[in-house]
Every structure is written in C-alpha cells, then in structure tokens.
Amino acid sequence: MHPNISPRKVVTLEQFIIEREQQLPFATGEFSQIIRDLGLAAKMVNREVNKAGLVDILGFTGEENVQGEKVQKLDIFANLQFLQALRIGGQVCVIGSEENEEVIPVENSQNSEAKYVVLLDPLDGSSNIDVNVSIGTIFSIYRRITKGNGPGTEQDCLQKGTEQVCAGYFIYGSSTMLVYTTGNGVNGFTLDPSIGEFLLSHRDIKIPATCNIYSLNEGNYRKFYPGIKEYLRHIKGKYENSVRPYSTRYIGSLVADFHRNLLRGGVFIYPAFTDRPKGKLRLMYEANPMAFLTEQAGGMATNGEERIMDLQPTQLHQRTPLYLGNVSEVTLIHEYLRKYDLKKIN
Ligand code: AHG
Ligand code: MN
Ligand code: MN
C-alpha cells in the first residue's frame, strides 16, 4: 500500500457481524437477518423523522395526506415498520411492543421454526417528536422458551434481562446510529445516508470512569424520597479536587440521555417517587435493554436495590425505577437510598 494511503478500513455493520461476532449466542445468519430487519425499519423511521417538518406526519393520526393516504403518528408508524420488517424477516416467533397491549404472535409460513423473541420500544422520546429533538428505538432479543413450532406466547416475552441475547437502540439524532451488544462489548454504527449503510464508528464503548453529569427530571423534586434528595444535594456541592457540582443534562428521551451519558460519563435516574411508586419506565422495553448495554460497557444498572437484569417480570408492561451509570456512581446512590429512605413516606 502507498505510504500516504490510510490503512483505515470502513467496516459495515454486515461485515462486522460476519467477522467479529464469532462468539454469538445464536447462529450468525439468524442474527444478521434480525439486525437487517431492524435496520431496515430504522431507516424507514429515520426517513420520516428527517422529513417530519415537511409533511403532516406528526401528531395527526387519522388525517389524510395530499396523496389521500391516512396519516399516522410517528410512533404508530414506527411500530408498524418494525413489526412488518420482523414478520417478513422470518426469524421471530413473537413480538412484544410498548405500543401493543398484548404480545403479537408471528405466524411464519417460510420458517415455522423461528425461535427468537423481540421486545420493542418502537419510538422512545415521544414528547420530543414534534420539536426536532433526538428520539430513538430500543430493542432486545431473547430465545424462545416454549416448546414447539409456530407462534410464541407471552411466556416467551416474560424472561429475565439476563436471558437477552442482544439489546440495542437506534438514535435518530444529528446523525442516526445503531448501538448494540450481544454480550461481547458494546459497539456503535453510524448511518451513512449517502450509501444507506451503518458503518462502525464507535468500537468497544466503555462508560467513562468519571461521572460528572446527572440526568433526571428534577421537576418532580417535591415528590422524591429523601435518599434521592440527599444524593442530589451531594452532587451539587463544591469540594476540593472533585468534579462536583455535576452538570444537569436531561433531554427527556431515554435513548438520547443514555447515549450521551454512555459516551461522556453520566448517571441516568428515573426514580420511584410518591405518586409513581414503581417509577415510569418499562422493564421489558426500556430498562432491560439499557441495563444489558450498561453492564457490557462496564457500568451498573439497578432499580435502586436490585440488579435490573435479575428482576423476574410478571407483566409485559410493568414499570421499574431505573438507575444507569458507572459502578461507583450507582453504588453511591444505593448508599444514599439505604441511609435515608428508611424514612420513606408511603
Ligand atoms: P416513550 O416516549 O417511549 O413513552 O418514553 C418516554 C420516556 C423516556 O424516553 C424518557 O426518559 C422519559 O419518558 C421521560 O419522562 P418524563 O417526561 O417524566 O421526564
Ligand atoms: Mn420509551
Ligand atoms: Mn415509546
């Protein structure tokens, strides 16, 4: 090679899966098919997000566009794109989506032995759709646990986070990215819109050791329990040789807040509080996938007491308090919760 030519090689998502994901907990072909299906749906959603200001797709469910087609809200559109792509892909026997009350059994005429289960938050950050702020899609993949062929059941969806074989998110931001793990580290891919491919851009992401950002909706402060209030008082203090006070960064899209904290070093908190004793975020669609990513990036993910991925789900849409960050920060929060929440007002 000419000495002036950079040896840097562009690695597509597809190449990465074939070359690097040798340790996959499931067959590479099946995995790359599911990722391809998710990627295709994400590109469709990305296209709609990018022209969102130009067409009447936002916030107008039930209305007709200029072509006389029914216009869907972006979250419904996203849900349909992901469901359709996974159905056509033929590797998935049941899907759980935040947008659907019940699980969606998948009848695969081509592959009745489809043995994967996908859980989805098709559009995360819905309050930011209309205002040009980053939003995302969160997914996790499990193996089927019920016996037999044909469609899977709710039982296949109600597995602990430790059983995830893959989890990740797409972020539709200033650029569009896919970040995922199969239990072998976390890698990030950026969509090059000119060629329509996700290219490896963030190899083996690790949460920075220093945490100087906190992300939570502090508007709820009055309703917080004492432990979290005391922790907030601590991180806002100024001490010699410390990074305190921390900066607040809160977008209100879990994907975007998580992504920034993962790259910059920060803790994400959605606690339980007086009128939300179980928190707000969903265990199956939000907490488990982000917990898997956090742990694979060297961090810690809990509900304030227990590891998120050890929680036994009982309901598809159940909620959980959520703490995501580096190990020392989440451990510190636990100390505050233990010390002060003895006085919890119930
Ligand atoms: P979704 O748009 O999928 O319903 O999720 C919204 C979530 C999450 O993205 C974000 O972290 C959180 O809601 C924000 O909640 P608050 O508005 O209560 O802060
Ligand atoms: Mn969400
Ligand atoms: Mn959602």
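Let's start with Asn-288, which counts as buried, at 0% relative accessibility. This is a predicted model, so please hear every value today as computed from that prediction. Asn-288 lies in helix 7. In sequence, Asn-288 and Glu-163 are 125 residues apart, yet their C-alpha atoms are 9.9 Å apart in space.

Stay on helix 7 for a moment, please, and look at Tyr-285, which lies in that helix too. Is Tyr-285 buried or exposed? Its relative accessible area is 0%, so Tyr-285 is buried, the cut-off being under 20%.

The largest one has 59 residues. Which of them touch the most other members? Those are Tyr-169, Tyr-231 and Met-290. And which element gives the most to this core? That is helix 7, residues 283–296, with eight residues. The core draws on both domains, taking at least three residues from domain 1 (13–202) and at least three from domain 2 (213–340). As background for anyone new to this, nonpolar side chains in soluble globular proteins tend to be buried together.

In the side chain of Tyr-250, an N or O atom is 2.5 Å from an oxygen atom of ligand 1. For Asn-217, again through an N or O atom of the side chain, the distance to a ligand oxygen is 2.8 Å. With Gly-125 the backbone takes part: one of its polar backbone atoms is 2.9 Å from an oxygen of ligand 1. As for cover, ligand 1 has 470 Å² of accessible area on its own, and the protein covers 82% of that.

Next, a polar pair within the protein. Thr-302 has its place in strand 12, residues 299–302. With 3% relative accessibility, Thr-302 counts as buried. Which side chain does Thr-302 join in a polar contact? The partner is His-334, at 2.8 Å.

Then there is Pro-151, in the loop between strand 4 (135–143) and helix 4 (154–157). Pro-151 has a relative accessible area of 29%, so it is partly exposed. Between Pro-151 and Cys-93 there are 4.8 Å from C-alpha to C-alpha, with 58 residues separating them in sequence.

Let me finish with some backbone geometry. As a reminder, most residues other than glycine have a negative phi, and most peptide bonds are trans.

The peptide bond from Arg-244 to Pro-245 is cis, and its omega is near 0°. You'll find Pro-245 in the loop that runs between helix 5 (226–235) and strand 10 (247–248).

Asn-132 is not a glycine, but its phi is positive, near 60°. Its place is the loop between strand 3 and strand 4. With a relative accessible area of 79%, Asn-132 is exposed.

Asp-204 is another non-glycine residue with a positive phi, about 45°. It is found in the loop between strand 8 (197–202) and strand 9 (213–215). At 42% relative accessibility, Asp-204 counts as partly exposed.

Note on methods
Residues are numbered from 1 along each chain as its sequence is written. Chains are lettered from A and ligands numbered from 1 in the order in which they are written. This is a predicted model: local features need pLDDT of at least 70, side-chain atom pairs count only at pLDDT 80 or more; totals for chains, interfaces and linings use all residues. Side-chain values use heavy atoms; hydrogens and water are left out. A polar contact is a pair of N or O atoms within 3.5 Å; within protein, one must be able to donate a hydrogen and the other to accept it, and residues adjacent in sequence count only if both atoms are side-chain atoms. Accessible areas come from the Shrake-Rupley method with a 1.4 Å probe; for residues, only the protein chains shown count as cover. A nonpolar core is a set of buried Ala, Val, Leu, Ile, Met, Phe, Trp, Tyr and Cys residues joined through side-chain atoms within 4.5 Å. Buried means under 20% relative accessible area, exposed over 50%, partly exposed in between (1.4 Å probe, protein chains only). Helices (H or I, at least four residues) and strands (E, at least two) are DSSP runs, numbered from the N terminus. Domain bounds come from an automatic or database domain assignment.
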